[in-house]
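Have the viewer open as you read.

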Amino acid sequence: MGSSSKKGNITPWAEFNFHCDPLAAHLTVRHFCRSCLVHLVPWETCMDNEISFEQSESLLESLDNCPAKSLINATAMTQRMVQRKKNGQGYYFADQFISLLLVYPESVIESEYFETMNVIFDEQDEKYGLAEYVRGDSCEKELGFIVYKKFDMNYMMKLYRSSTKM
């Protein structure tokens, strides 16, 4: 998760996960960027890849007899809480994007490579918890991280529907 713009979900700048412990986020991402390729779906991506509440409700209803029914019910409850807060805008997927990447890597429409990331962890800074992506000169794409920006949301619908066949 994380956020690199003024679209946070906890403060104007910070996404919940990075805001809770920005130093841990900073150290973890920096460590892994030096040892492997990190895959990141930031909060902005969740906001930019929403589906309408009508689509989401229809999808959840179609999954009524799914083995993962308790997960779907939790998702539906979260969706209804979000819907009340957002006054009728769409539903944001979040953690589901990682599953989408694993099952349907072809769902990615836009992504961008960065060499590393800094997370602001100075509590006096108004941008506390903000992720700053750092471009580098490195051509080595096995290290660093990829930020996923845009998905074909038809694949998300397909992912949810395929869970009924488990």
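How are H6 and H7 oriented to each other? The axes of helix H6 (residues 96–103) and helix H7 (residues 153–162) cross at roughly 90° and come within 10 Å, with axes being lines fitted to C-alpha atoms over the stretch in contact and angles running from 0 to 180 degrees between N-to-C directions. H6 and H7 are therefore roughly perpendicular to each other, a label that covers 65 to 115 degrees. Helices here are DSSP runs (H or I, at least four residues), and strands are E runs of at least two.

A word on the basis: this is a predicted model, where local features need pLDDT of at least 70, side-chain atom pairs count only at pLDDT 80 or more, and totals for chains, interfaces and linings use all residues. Residues are numbered from 1 along each chain as its sequence is written, and side-chain values use heavy atoms, leaving out hydrogens and water.

Here is who meets whom, contact meaning heavy atoms within 4.5 Å:

| Helix | Residues in the contact |
|---|---|
| H6 (96–103) | Gln96, Phe97, Ser99, Leu100, Val103 |
| H7 (153–162) | Met153, Tyr155, Met156, Leu159, Tyr160 |

Leucine 100 also touches Pro105, Ser107 and Phe151, among others, not counting residues up to four places away in sequence.

Now for asparagine 49, in the loop between H3 and helix H4 (53–62). Asparagine 49 is buried, with a relative accessible area of 0% (buried means under 20%, with a 1.4 Å probe and protein chains only). A polar atom of its side chain lies 2.8 Å from the backbone oxygen of threonine 45. Leaving aside neighbours within four places in sequence, the contacts of asparagine 49 include Phe97 and Met153.

Conventions:
Parallel < 35°, antiparallel > 145°, perpendicular 65-115°, else oblique. Buried < 20%, exposed > 50% of the residue type's maximum accessible area, 1.4 Å probe, protein only. Polar contact = N/O pair within 3.5 Å; in protein donor to acceptor, adjacent residues only side chain to side chain.
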